[in-house]
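User: Please take me through the terms used for this model, setting each value against its definition.

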Amino acid sequence: MPMIGAYSAPTRHELKIWPEYFQAIVDGRKTAELRKDDRGFREGHVLWLREWSAETNAYTGREATAQITHVLRATEHLALLADHAMLSFGRVTVWYAAPAEGGAR
């Protein structure tokens, strides 16, 4: 018998993101992300964006989540990298987590 009203949490994709791109998302200037399409991205999935510093080779502690509202993939009429997808997202929720001791998490 099917469950009525059952809730299934959306798929979440944990992604590293460099500080300049993370800040543009937080500021609302960036509402899409081009990513390698190796995770089965779909509308409704959630991006868990974790700011990553290449200088320290560690997470900064700044994190955000955003729900995917549209996925654009390459077609014969659209020149996009064949193995990439453009992920559009709406409202972004920013939160901060303290980095682990030593800077890495």
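User: Where is glycine 40 found, and why is it called partly exposed?

Analyst: Glycine 40 sits in the loop between β2 and β3, where helices (H or I, at least four residues) and strands (E, at least two) are DSSP runs numbered from the N terminus. Its relative accessible area is 33%, and since buried means under 20% and exposed over 50%, with partly exposed in between (1.4 Å probe, protein chains only), glycine 40 counts as partly exposed. The model is a predicted one, in which local features need pLDDT of at least 70 and side-chain atom pairs count only at pLDDT 80 or more, while totals for chains, interfaces and linings use all residues. Residues are numbered from 1 along each chain as its sequence is written, and side-chain values use heavy atoms, with hydrogens and water left out.

User: What does glycine 40 touch, not counting residues up to four places away in sequence?

Analyst: Contact means heavy atoms within 4.5 Å, and on that basis glycine 40 touches His45 and Arg73, once residues up to four places away in sequence are set aside. Glycine 40 and alanine 85 are 45 residues apart in sequence, with 9.8 Å between their C-alpha atoms. Alanine 85 is itself the bridge partner, in β5, of arginine 35.

User: How do you know that β2 and β5 pair?

Analyst: Two strands pair if DSSP finds at least two bridges between them, and β2 and β5, which run antiparallel, are joined by five.

User: What makes the pair of tryptophan 48 and tryptophan 95 stacked?

Analyst: Rings of Phe, Tyr and Trp (its six-membered ring) pair if their centres lie within 6.5 Å, and planes under 30 degrees apart count as stacked, over 60 as edge-to-face and the rest as tilted. The search of the whole structure finds three aromatic pairs. In one of them, tryptophan 18 and tyrosine 21, the ring centres are 6.4 Å apart and the planes lie at 20°, so the pair is stacked. Tryptophan 48 and tryptophan 95 are 6.3 Å centre to centre with 15° between the planes, and this pair too is stacked. As tryptophan 48 lies in strand β3 and tryptophan 95 in strand β5, the pair ties together parts that are 47 residues apart in sequence.

User: Why are the buried residues of α1 said to line one face of the helix?

Analyst: The buried residues of α1 are Phe22, Ala24 and Ile25. Seen down the axis they fall within an arc of 160°, so they line one face of the helix, the arc being that of the directions from the helix axis to the C-beta atoms. The elements covering these buried residues include β1, β2, β3, β4 and β5.

User: What makes up the largest nonpolar core, and which residues touch the most other members?

Analyst: A nonpolar core is a set of buried Ala, Val, Leu, Ile, Met, Phe, Trp, Tyr and Cys residues joined through side-chain atoms within 4.5 Å. The largest has 14 residues, of which Leu47, Leu49, Ile68 and Leu87 touch the most other members. β1, α1, β3, β4 and β5 each supply at least two residues of this core, and β4 gives the most, with four.
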